[in-house]
Amino acid sequence: MNFWEYLANRHQQVLADAYQHASVVFQCMVMATLLGVLIGVVTYRSEWAGNLATTATATLLTIPALAMIGLLIPVVGLGVPPTVIALTLYGLLPIVRNAIVGLRGVDPSLVDAAEGIGMSRTARLARVELPLAWPPILTGIRVSTQMLMGIAAIAAYASGPGLGNLIFRGIASLGSENALNQVLAGTLGIIVLALLFDAAYVLIGRLTIPGGIRA
């Protein structure tokens with residue numbers, strides 16, 4: 001059976017795994033974005049706090065994905081929980097770093113002007129600083145998403161959802177008729193999903209970032 005015949009016969013399973021893969025990455029990116037931007041907002045004014053946040057999230061990336069999930073399994077069990085926790089933690093660094101860089105890069109004169117017209121600290125942050133810092137934050141989100149697309153495949157090790165199940169089943173049955181087809185289907189599926197997510201981010205950027213800021 002060649003690859004295209006395999007896809008024709010197993011397309012429902014491949015599509016179901018692809019949906020689960022996209023869903024878990026999307027959910028983890030939402031949580032990583034909220035947490036990462038919050039960390040950036042809390043730490044960007046202090047040099048040492050910003051460095052600590054960046055170093056801490058960078059340290060998480062040095063932990064191998066299999067080791068991270070393996071350490072989480074005794075605590076939260078198999079399946080979705082260790083996958084979500086691990087992916088959320090892995091997705092933090094680019095967002096935290098870019099949030100800090102973006103917020104620190106806002107022109108102080110604009111912040112002073114907003115303060116001069118009576119804006120509160122929260123209003124300045126929400127209406128001036130975060131909108132101007134959005135382009136680098138979005139770039140961090142794009143980088144994190146591409147990373148998590150690949151890392152999410154390791155979730156199959158903990159009976160997690162996604163295309164990694166196809167890859168692991170193929171590796172476990174090397175030498176069988178469909179082993180290579182399974183690995184190829186899972187790999188190509190992840191690549192396609194990564195491209196689709198990135199295209200969506202490009203569209204979001206065009207819709208949310210004024211031309212002057214992009215320039």
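1. Is aspartate 198 buried, partly exposed or exposed? With a relative accessible area of 21%, aspartate 198 is partly exposed, where buried means under 20% relative accessible area, exposed means over 50%, and partly exposed lies in between (1.4 Å probe, protein chains only). Aspartate 198 forms a salt bridge with arginine 142, the closest N and O atoms being 2.9 Å apart; a salt bridge is a side-chain nitrogen of Lys or Arg within 4 Å of a carboxyl oxygen of Asp or Glu. Because arginine 142 lies in helix α7 and aspartate 198 in helix α9, this pair ties together parts that are 56 residues apart in sequence. Arginine 142 is also partly exposed, at 29% relative accessibility.

2. A word on the basis of these values. This is a predicted model, in which local features need pLDDT of at least 70 and side-chain atom pairs count only at pLDDT 80 or more, while totals for chains, interfaces and linings use all residues. Residues are numbered from 1 along each chain as its sequence is written, and side-chain values use heavy atoms, with hydrogens and water left out.

3. The whole structure holds four salt bridges, and one of them joins aspartate 17 to arginine 169, with the closest N and O atoms 3.8 Å apart. Since aspartate 17 belongs to helix α1 and arginine 169 to helix α8 (residues 164–172), the pair ties together parts that are 152 residues apart in sequence. Aspartate 17 counts as buried at 4% relative accessibility, whereas arginine 169 is partly exposed at 37%. Another salt bridge links arginine 121 with glutamate 129, the closest N and O atoms being 3.0 Å apart; here arginine 121 is partly exposed at 31%, and glutamate 129 is buried at 3%.

4. Helix α4 spans residues 80–90, and its buried residues are Pro82, Thr83, Val84, Ala86, Leu87, Thr88 and Tyr90; helices (H or I, at least four residues) and strands (E, at least two) are DSSP runs, numbered from the N terminus. What covers these buried residues includes α1 (3–43), α2 (47–61), α3 (65–76), α5 (92–104) and α7 (121–151). Proline 81 is also found in helix α4, but proline 81 is partly exposed, with a relative accessible area of 36%. The C-alpha atoms of proline 81 and glycine 160 are separated by 8.3 Å, although these residues are 79 apart along the chain.

5. The count of aromatic pairs comes to one. The rings of phenylalanine 3 and tryptophan 4 have centres 5.2 Å apart and planes at 65 degrees, so the pair is edge-to-face; rings of Phe, Tyr and Trp (its six-membered ring) pair if their centres lie within 6.5 Å, and planes under 30 degrees apart count as stacked, over 60 as edge-to-face and the rest as tilted. Phenylalanine 3 is buried at 13% relative accessibility, whereas tryptophan 4 is exposed at 63%.

6. Finally, the annotations. In an unreviewed entry, UniProt lists residues 18–201 as "domain: ABC transmembrane type-1", and annotations of this kind may be inferred rather than shown by experiment. Over residues 18–201 the model is 81% helix and 0% strand, with the end C-alpha atoms 19 Å apart. The UniProt annotation "transmembrane region", likewise from an unreviewed entry, covers several stretches, including residues 24–44 and 51–73. Residues 24–44 are 95% helix, with end C-alpha atoms 29 Å apart, while residues 51–73 are 87% helix, with end C-alpha atoms 30 Å apart.

Methods: Contact = heavy atoms within 4.5 Å.
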